[in-house]
Amino acid sequence: MRVTELQNWPSSLPQRHCHTSAQPWLHHHSRVRGCRRRYGRVCATAEPAQKAKQLLVYAPNHPLLRHWLAVARSKMSPPPIFRAACAELGRLLVYEAAYDWLPVLESQVETPCGVADATVVDGSRPVKVIPILRAGLIMLEQAATMLPASQTFHVGYERNEETLQASSYLNKLPAKFAEDDRILIADPMLATGGTMLQLLADLVGRGASPTYIKIVCIVCAPPALQVLNRDFPGVRVYTAMIDSELNEKGYIVPGLGDAGDRAFGTEKL
Ligand code: URA
């Protein structure tokens, strides 16, 4: 999606000014702060999240993300292909989310030919990874092996198809988080945001800080972004695409359909 297509969206979210775009809240910038266009990525702001008082949404404009998103979107993709696409998307989005975020240690290593300065991820501070079952698991299939130090805590929510309200059926979260624990949540679809609001409230209740929480999702929609921005400013969302709307069943349009059913082959035929 090009920035020009997002000009009037989402009108009720707070706007942040940047010289590179007519749509200030969502704009191109590079991973290097300073809004350079070299990487052609779309994101909300170049400011560090610790200072941010709004939700930050990153939608990198990367050809691999676009490719695997097309594969995931296609209704012709059978479960194994759909899963492979979601796993690739998860890996790419976790890579983006990890940038400039993981605690590191400066050190040195001996190579066969000498000594090299080395930067290593601090293993004493593992990222707390939270997949939301079912489909969040698929996003982490390949991503988990990329993080040198992580702990995984599973949560499961079920959506009532009539009220669209989510209720928890599994919660493996630790009793307490440290305020500076880095928390990475994986859920492919951010539609109404109901599930995510419940989970974030639970995390904050256990000591987590929204400014250390990142969400990776494949597709998101304005209703979810608006409620997250209202209740949890400072959280950051990494997504392959922001779609425009939800249908009457709360599904994202065009979206992917039911990500859990498509991943596990449980679609009603
Ligand atoms: N959950 C899904 O699996 N798909 C949607 O579009 C919304 C919620």
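This chain has 6 helices and 15 strands, where helices (H or I, at least four residues) and strands (E, at least two) are DSSP runs numbered from the N terminus. It's a predicted model, so local features need pLDDT of at least 70 and side-chain atom pairs count only at pLDDT 80 or more, while totals for chains, interfaces and linings use all residues. Residues are numbered from 1 along each chain as its sequence is written, and side-chain values use heavy atoms, with hydrogens and water left out. Buried residues make up 52% of the 269 residues in the chain; buried means under 20% relative accessible area, exposed over 50%, and partly exposed in between (1.4 Å probe, protein chains only). Of the contacts between residues at least 6 apart in sequence, 59% join residues at least 24 apart, with contact meaning heavy atoms within 4.5 Å.

- Helix α1 (residues 63–73) has Leu65, Leu69, Val71 and Ala72 as its buried residues. They cover an arc of only 160° around the axis, which puts them on the same side of α1; the arc is taken from the directions from the helix axis to the C-beta atoms.
- The partners of those buried α1 residues are α2 (79–98), β12 (213–220), β13 (236–242) and α6 (259–264).
- Over in helix α5 (residues 222–231), the buried set is Pro222, Ala224, Leu225, Val227, Leu228 and Asn229. These pack against β3, β11, α4, β12 and β13.

**Aromatic pairs**

- There are 2 aromatic pairs in the structure. Rings of Phe, Tyr and Trp (its six-membered ring) pair if their centres lie within 6.5 Å; planes under 30 degrees apart count as stacked, over 60 as edge-to-face and the rest as tilted.
- Tyrosine 58 and tyrosine 238 make a stacked pair, at 4.6 Å centre to centre with 5° between the planes. Tyrosine 58 sits in strand β3 (residues 56–59) and tyrosine 238 in strand β13, so the pair ties together parts that are 180 residues apart in sequence. Both tyrosine 58 and tyrosine 238 are buried.

**Pocket and cavities**

- The largest pocket holds about 710 Å³ of space. On a 1 Å grid over the protein atoms alone, a pocket is an open set of points with protein on both sides within 12 Å along at least five of seven lines, a cavity is a set of points where a 1.4 Å probe fits but cannot get out, and lining residues have an atom within 4 Å of a point. Grid points are joined across faces, edges and corners, and a volume is the space filled by probe spheres set on the points.
- Lining that pocket are 30 residues, with Leu133, Tyr157, Arg159, Asp187 and Asp258 nearest its centre.
- The lining of the largest pocket splits into 15 nonpolar, 7 polar and 8 charged residues; Ala, Val, Leu, Ile, Met, Phe, Trp, Tyr, Cys and Pro count as nonpolar, Asp, Glu, Lys and Arg as charged, and the others, Gly among them, as polar.
- The structure also holds 2 cavities of 30 Å³ or more. The second largest cavity has about 30 Å³ of space, and its lining has 8 nonpolar, no polar and 1 charged residue.

**Loops and backbone details**

- Glutamine 142 is in the loop between α3 (135–139) and β7, and is partly exposed, with a relative accessible area of 27%. Leaving aside neighbours within four places in sequence, glutamine 142 touches Ala87, Glu88 and Arg91.
- Most residues other than glycine have a negative phi, and most peptide bonds are trans.
- The bond from leucine 133 to arginine 134 is cis, with omega near 5°, and so is the one from valine 253 to proline 254, with omega near 0°.
- Aspartate 100, in the loop between α2 and β4 (104–111), has a positive phi near 65°. At 60% relative accessibility, aspartate 100 counts as exposed.
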